[in-house]
Amino acid sequence: MKSEMMGAGAMDVAEPLPQERSASQTGVRILSNFHLFFLASLAFILPNAIFATALRPLPAALVLVGCAGAAVILFRARQASRLLSAPVELGRLTLCLGFGVALCLLGGEGHFFYATRDWLIRDAVLHDLVTNGLTVLYRYEGQDYLLRAPLGMYMIPAMIGRFHGLYAGHLALLAQNSLILGTIAYFTSLLANVRTAPMLLLFMGFSGLDIVPILVAEAIEMSKGGDFMPFAHIEWWGEYYSSIRLQYSSHVTQLFWVPNHMAPGWWFALLALLYARGEMQMPAMLVSCAAMLMWSPLAMMGAAPFVAFFALQLLPRGLFARETILAAAVGLCFLPIALYLTMDAGAVPHEWLVLRDSFAFRYVLFILIEIPQAAVVLYAWNKVEPSDRKILILALALLLVIPVYSVGVSNDFVMRVSIPAMFLLAFNFARIAVLTPRDNGTFATIISVIVIISAATPLLEIKQAFKERYAISDCNMLTSWHKGDISALPTNYWARVEKTPGWLMSTGSAPAPFTLEERMCWPDHPYFDGDRK
């Protein structure tokens, strides 16, 4: 039965793993890779249990059963994995955790460095959860709204903030995300089995060639006698060429702007690699996806095709094994979370971009600029681990299909659903780049050119981190949103109260709704002028 439950790449893990060394080389055996894996997994499971306290008794009990079941299934994952059972490599772990802390700090978490504009809203959401608990209401223009969003990233920090204050909540958020990113970096380097430092640098520096269409657009305008054009963000280069909004965010952009989507998307991609190499079982995949909905339903939409592919591989008998059916039942226990996330979701803008007149040109240009690394990976196919090839093919296929649809004002669908597939492409490209000798050959030169040109995007993001920092705000989300662009309601952050099912949540005993405040939110913000309203 166990053999049926293993991933398709189980037979590919025959040679001793690099981490299977003596305790003197790797550290104390009492701390294994599994302990780190399970701790990071709990960061995705516990938010569901915390949020369950805001639900009615029956759905709350269902979610809590799901959390307990998911923890048990993931706890048993060590039994089938040599990698997870191996002792942790303390030197590698220290490097990766330091890497995670440094990047999260540069991303603006804790406001030790400049925080991107998205944090103006995220700070407000954390404030509202710390101040009013898990049932947060807003009153705007006579209408009451409930905070309805993927709140997984905020749950543990908000709980700590409830007891120790808002600043403690921000520090907890920094610690949580640093742990997750450091753990992802650790397992990424283990699975790559190449030199750690260059692998991580190439992986985190993964980006499209965004600077190229920017420079072309500037050259066109200046040849017409125009001035140098400002772009809101380098990755929105496509707005010069058409009205269709498309973006495959670079890895640094994901971390600095949307860690709530990045973390579950990357964690799932790691699980997919572990599964393909026979280090993970189907039950763990199922319960992990269900638990991470609370962090990012869009990232889990990008995970769904991989889960479906793994399920097809188990046909006919393995898919209906007792352990898989039990895991599916545990996953269904998270349905109340899914229903909460989809309340009043019809108000979110959505459309089929493929029906737009200018889509064909925009699509071809987008693919050529955003994922040229795919050509490198296909050319060096023999350097891709045999166990990884099927999921990499699926990842590339998804990256070709995802741009046909749009959800959200800024097309969050394309940016976030692509995260797991982009991780797998970045992992393989970075690994091939490290394995390729720097011999001045044509292939090595092509890799170097792609790496150098694509580095513009992450470097510009990091440069922005050194702008003048500003203090954490204690304004509510409604006020923070209203000081920015109010042309569209924040439908991805709230739902009308009347759309809330009475059997799922009760809003009657919630604290008084937040309303618009007439005060300063960011008096020391160096650039944002919305606070003048």
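Modeller: Helix axes are lines fitted to C-alpha atoms over the stretch in contact, and the angle between them is taken between N-to-C directions. Please note that this is a predicted model.

Colleague: What makes H14 roughly parallel to H16?

Modeller: The axes of helix H14 (residues 282–292) and helix H16 (residues 322–332) cross at roughly 5° and come within 8 Å. Angles under 35 degrees count as roughly parallel, therefore H14 is described as roughly parallel to H16. In this contact, Met282, Pro283, Leu286, Val287 and Ala290 of H14 meet residues of H16 including Glu323, Thr324 and Ala327. By class, the contact has 8 nonpolar, 2 polar and 1 charged residues.

Colleague: Why is the pair of Tyr186 and Phe187 called edge-to-face?

Modeller: The ring centres of Tyr186 and Phe187 are 5.3 Å apart and the planes stand at 80°. Pairing requires centres within 6.5 Å, and planes over 60 degrees apart count as edge-to-face, so the pair of Tyr186 and Phe187 is edge-to-face.

Colleague: What makes the pair of Tyr379 and Phe443 tilted?

Modeller: Tyr379 and Phe443 show 35° between the planes and 5.1 Å centre to centre. Stacked applies under 30 degrees and edge-to-face over 60, with the rest tilted, so this pair is tilted.

Terms used: Residues numbered from 1 in each chain as written. Predicted model: local features only at pLDDT ≥ 70, side-chain atom pairs only at ≥ 80, totals over all residues. Heavy atoms only, no water. Axes fitted to C-alpha atoms, helices over the stretch in contact; angles between N-to-C directions. Helix = DSSP H or I, 4+ residues; strand = E, 2+ residues; numbered from the N terminus. Parallel < 35°, antiparallel > 145°, perpendicular 65-115°, else oblique. Contact = heavy atoms within 4.5 Å. Nonpolar A, V, L, I, M, F, W, Y, C, P; charged D, E, K, R; others polar. Phe/Tyr/Trp six-rings, centres within 6.5 Å; stacked < 30°, edge-to-face > 60°.
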